[in-house]
Amino acid sequence: MNSQTACCSTKPVSIQFDLPKKETNALPIIVIGAGPVGMAAAAHLAKAGEKFLVLEAGPTIGHQILQWGHVRLFSPWQYNIDKAARELLERSGWEAPADEELPTGTELVEQYLVKLGALPAIKPSIRLNTRVLGISRKGQDKMKTAGRGNLPFVLYIEENGETAKHIEAKAIIDATGTWGQPNSLSASGISSKNEQKLQQHMYYGIPDIQGKDRDRFTGKKVAVVGGGHSAINTILELADLPDLKITWILRKNNVEDAYGGEAKDALQARGELGSRIHQLVDSGQVEVFTPYRIYDVSQTEETLMLEGEWKEESHSIEGLDEVIVNTGSQPDFSFLREVRIRIDPATESVEALAPLIDHNFHSCGTVRPHGERELRQPEKNFYIVGIKSYGRAPTFLMATGYEQVRSVVAYLTGDFDGAQNVELELPETGVCSVKLSSNGTQVIPASSSSCC
């Protein structure tokens, strides 16, 4: 993680934005999304004394995280708290959780994000139940170029379910994440009509199997689709239910590719996930189909049938009561149609990040530090940060997003040296597409697939 804190600059912000001084001082920097990275941006902006607003579509800070609040993170608190946020919280008398403890999603929200949002320096700038419908430059569509960078942004927003008004900003930080836009279970990535029709028998995400969703899966034959940590978490939870048959469907060439570093993983809890699922598969409690590519899903009487290709031959998996889809998620660019952005066509990440985060060559801990320079878009003073900046790549860690926004805020507030000096200390992972050989060295398979 970065050893620096955000710097407050005395340089006139108007120099950087090329806007009239009066307008620059009057308009806020707007952060979209009140998740961990969006709230970290708020902390850095508050520390810099900058005027800002945080727009959150949900009814509470950390709304998206609460959708999987029952899940325990594999990264301890020391990697989950932004440094500027910690500093502001500790000034208020907040006692940080123990660095080595592993929070659940709900604990992350309740013990950290909500308390951060309640600080006097941040609370007045939070707007909940506020969804951004579109963004443009004032008085110009995407085609207009002359003087574009000198104009403020206009955000068209919906408040409490009703289209309300538009607000202006001198800069925008998009930290909306990817949750809520799940990938299809199909190997093609395109949801068929059957998949859409049968969604009452499918769960996209990580169900609360030990809580409110327990009865839904007990005594059923359940297929879990996906090869990442979400799928592994789901299977481990299902394994504790009685009278259950679990089928695990992956596109990886070998199931061993999903186990990651196990004991070699620097994040102990993540390594333990790999070891536990390894043991579960070896015991025969989980039926594995890999490599399996799903083409479609259909309903036969009261059960589901997956149609696809297993080991390059046509094969159907029948008699399923439920299908849990853990194939990852993707960013939403629909409200950015009038904003000039540069997105990698394969990963859907910020274009400059694509070669840095390619899961064929990088795990979560081997991505080199990056900040404002790499995140810079053709649209001046507009940034996509956090997991959304990674697009569909599964190698994001919160600490990476914290350093991103520290750098971006430094740049927007005139600390250009601080913006370019990016540093990040992350645990080496041995997960995702990076395997470990028997002697502990990394092996990067050229044909490896994504974590999901």
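Predicted model: local features only at pLDDT ≥ 70, side-chain atom pairs only at ≥ 80, totals over all residues.
Residues are numbered from 1 along each chain as its sequence is written, and side-chain values use heavy atoms, with hydrogens and water left out.

**View 1. The whole protein, with its surface and its secondary structure.** The accessible surface of the protein comes to about 19,300 Å², and 47% of this belongs to carbon and sulfur atoms. The protein has 14 helices and 18 strands, where helices (H or I, at least four residues) and strands (E, at least two) are DSSP runs numbered from the N terminus. Of the 452 residues in the protein, 54% are buried, a word that here means under 20% relative accessible area, with exposed meaning over 50% and partly exposed in between (1.4 Å probe, protein chains only). Among the contacts with a separation of 6 or more, 69% are between residues 24 or more positions apart, contact being defined as heavy atoms within 4.5 Å.

**View 2. The open sheet of five strands.** The strands of this sheet follow the order β3-β2-β1-β7-β16 with parallel pairing, and two strands are said to pair if DSSP finds at least two bridges between them. At the edges lie β3 (126-127) and β16 (382-384), each of which pairs on one side only. Strand β1 (residues 29-32) runs parallel to strand β2 (residues 52-55), and four bridges join the two; here I32 stands opposite L55 in β2.

View 3. Strand β12 (residues 292-300) pairs with strand β13 (residues 303-310) in the antiparallel sense over eight bridges, with S298 opposite M305 and T300 having T303 as its bridge partner. Two residues lie between the strands of this hairpin, where E301 takes a positive phi near 55°.

**View 4. The packing of helix α3 against helix α13.** Helix α3 (residues 36-47) and helix α13 (residues 398-412) pack at an angle of about 35° with their axes 9 Å apart; the axes are lines fitted to C-alpha atoms over the stretch in contact, and angles run from 0 to 180 degrees between N-to-C directions. The contact is made by P36, V37, A40, A41, H44 and L45 of α3 together with M398, G401, Y402, V405, R406 and V409 of α13.

View 5. Helix α9 (residues 229-238) is mostly covered, with eight of its ten residues buried, including H229, A231, I232 and N233. In helix α6 (residues 105-117), the buried residues are G105, L108, V109, Y112, L113, L116 and G117, and their cover includes α3, α4 (63-66), α5 (83-91), β3 and α13. An α-helix has 3.6 residues a turn, so residues three or four places apart point the same way.

Key
Areas by Shrake-Rupley, 256 points an atom, 1.4 Å probe, with all protein chains shown as cover.
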